[in-house]
Amino acid sequence: MFPGKQILITLLLALLLLPAADRALAGRCDRAWNWYQEGLGLSDDSTREIFCYQRAIELCPDLIEAYIRLGEVFRNQGLEEEALEVLRRGRIRSLTSDTFMTRPGSGKVFIKPLVISGEIYRRQGLYDQAAAEFSQALGIDPGSGFAQNQLQYIYKRQDRYASILPPRIQLMTTAIFARIPGMTLPKGGLLMDAQYRTWIQTAPTFAYDLADTVPFLPMDVPELDLPQEILFNFTPLQRKSQVNLWVAGIRYGLTNDLTIGLMPKFFFRESEVRLEAWDEVATPEVAGFGDTVFMLKYRLYGQRRNHLSIYHLLSIPTGDENASGQDKGIFRWIPLGSGSFDFTPGISFSSGRDPYTVQGNLQYRITDGVEVGDELDANLALIWPLGKAVNSLLEVNYRWRGEARKKQRIILMKARPEFIGPSFDPVAAGAVEVDTWFTEKGGSTLFVSPGMQFTLSEGLKLEIGVQIPVLKEDDGWQEGVILHLGLTRILF
């Protein structure tokens with residue numbers, strides 16, 4: 001027989017036998033799983049339990065769970081060296097097994113040998129080896145509370161209080177209203193949040209400025225003999241508006257020290273216009289996207305639980321600055337955006353003081369003064385844990401706003417009698433509608449803001465808070481109590 005034919009026959013036989021070998025291996029692993037389940041059913045650290053796991057490993061060397069549980073039993077029996085050896089074999093096997101590494105949840109399983117080994121080294125006083133195991137575990141699962149606590153304990157035992165822990169361990173709770181902490185996300189970290197806020201705001205009637213009005217007078221209004229002041233015939237005594245705001249945010253860690261974010265907004269605004277002269281209440285409303293905010297934050301300093309960052313918020317004019325609403329013949333400009341690019345540089349810090357956390361930020365918004373004025377914000381928050389899954393918060397939020405020029409449609413009487421025509425057949429002359437600019441004055445407001453945060457599951461947090469104005473500005477819009485609801489999700 002020719003050598004070529006022998007090789008061909010051998011290959012054909014191998015191909016025919018390969019499925020049978022796979023089926024045999026699968027059958028052995030099924031029997032190994034039964035042995036493993038029998039050992040778990042015992043869970044008494046007995047010789048029989050040890051035998052079950054050893055038999056499972058013999059039948060299926062890729063059953064990493066059997067190595068882990070066998071190591072735990074040896075550790076519980078005080079056989080620490082045997083435990084370390086079994087766990088080492090399990091780790092080597094998991095790293096060389098394509099089946100295990102591609103299995104869902106394999107990362108969570110893989111950290112168990114690291115954590116158990118680290119605990120054994122800690123009990124033996126081998127702190128450097130223990131720290132290496134826990135650090136590697138946290139590199140795989142940053143949310144492992146046990147590994148974090150063990151690593152903190154080791155650093156304290158070694159007097160390494162200034163040690164810089166892996167950035168993912170440093171993530172602390174963020175305040176509700178002072179939402180920009182001194183921390184940055186670790187490289188590859190992703191944070192998504194959704195917020196809803198609602199409040200009622202009021203303002204006195206605006207002051208009339210003739211110089212601002214003239215360029216916007218309609219063509220049918222003569223510009224001769226304009227008085228210095230024009231009487232408002234149908235001006236409401238107070239402006240009032242209901243505001244509903246939805247914000248969706250996403251932030252991503254480009255590096256451990258550099259985080260970017262994007263925060264689009266959606267508004268539903270309803271104005272209440274009460275005109276005493278007409279004995280009428282109208283509620284013009286608008287809904288739509290507001291301006292989108294792009295964030296860039298860089299951490300200047302980060303050590304353990306103390307962080308200092310600088311940041312910049314760029315407001316992109318995606319909202320309609322000419323949005324308007326009309327109801328019962330009453331027209332109102334209700335802008336959804338500023339119509340300009342606004343720049344907000346700021347600085348923020350976070351400091352963990354065991355058990356509480358202090359967070360604050362200071363920022364200044366630079367605008368063109370149209371629709372939105374310049375704004376200074378200073379925030380300070382105290383976060384106090386009430387348990388593993390509940391935080392209480394108390395914030396103080398200060399805001400100063402500058403003047404802003406806003407467009408408004410007014411109804412006035414100008415050189416027109418109430419009625420025209422002969423006395424026996426008068427005709428109502430009506431009012432003149434004028435689109436004009438007016439100056440909205442700014443001022444200062446101080447809020448006290450309590451809140452609560454609840455951890456629903458790993459990386460998922462629910463927050464609720466209220467912002468209560470205790471000192472209000474004299475002019476311009478004045479917010480009432482602001483209600484906040486939010487969800488935050490952190491992924492790595």
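How do α3 and α4 run relative to each other, roughly parallel or roughly antiparallel? Keep that in mind while you set up your viewer.

This is a predicted model, in which local features need pLDDT of at least 70 and side-chain atom pairs count only at pLDDT 80 or more, while totals for chains, interfaces and linings use all residues. Residues are numbered from 1 along each chain as its sequence is written, and side-chain values use heavy atoms, with hydrogens and water left out.

**Stop one: α3 and α4**

Select residues 64-76 for helix α3 and residues 80-96 for helix α4. Helices here are DSSP runs of H or I with at least four residues, strands are runs of E with at least two, and both are numbered from the N terminus. The axes of α3 and α4 come within 8 Å and cross at roughly 165°. Axes are lines fitted to C-alpha atoms, for helices over the stretch in contact, and angles run from 0 to 180 degrees between N-to-C directions. Here is the reply to the opening question: α3 and α4 are therefore roughly antiparallel to each other. Angles under 35 degrees count as roughly parallel, over 145 as roughly antiparallel, 65 to 115 as roughly perpendicular and the rest as oblique.

The crossing of α3 and α4 is left-handed, meaning that the near helix is turned anticlockwise from the far one by less than a right angle; clockwise would be right-handed. Now show side chains. Among the residues that meet are I64, Y67 and F74 in α3 and V86, L87 and R93 in α4. Contact means heavy atoms within 4.5 Å. By class, the contact of α3 with α4 divides into eight nonpolar, three polar and five charged residues. Ala, Val, Leu, Ile, Met, Phe, Trp, Tyr, Cys and Pro count as nonpolar, Asp, Glu, Lys and Arg as charged, and the others, Gly among them, as polar.

**Stop two: α2 against α3**

Pick out E49, I50, Y53, Q54, A56 and I57 in α2, which meet A66, Y67, R69, L70, V73 and F74 in α3. This contact has nine nonpolar, one polar and two charged residues.

**Stop three: α7 and α8**

Next, select residues 127-140 for α7 and residues 145-157 for α8. They pack at an angle of about 150°, with their axes 9 Å apart. Residues making the contact include F134 and L138 of α7, and F146 and L151 of α8. The class count is 11 nonpolar, three polar and one charged.

**Stop four: the strands**

Move on to β19 (residues 443-457) and β20 (residues 460-471), which pair in the antiparallel sense over nine bridges. Strands pair if DSSP finds at least two bridges between them. Look for M452, which stands opposite I464 in β20. The two strands form a hairpin with two residues between them, and G459 in the turn has a positive phi of about 85°.

Select M192 to find R489 of β22 opposite.

Finish in helix α1 (residues 3-42), where W33 and Y36 lie three residues apart, about one turn of the helix.
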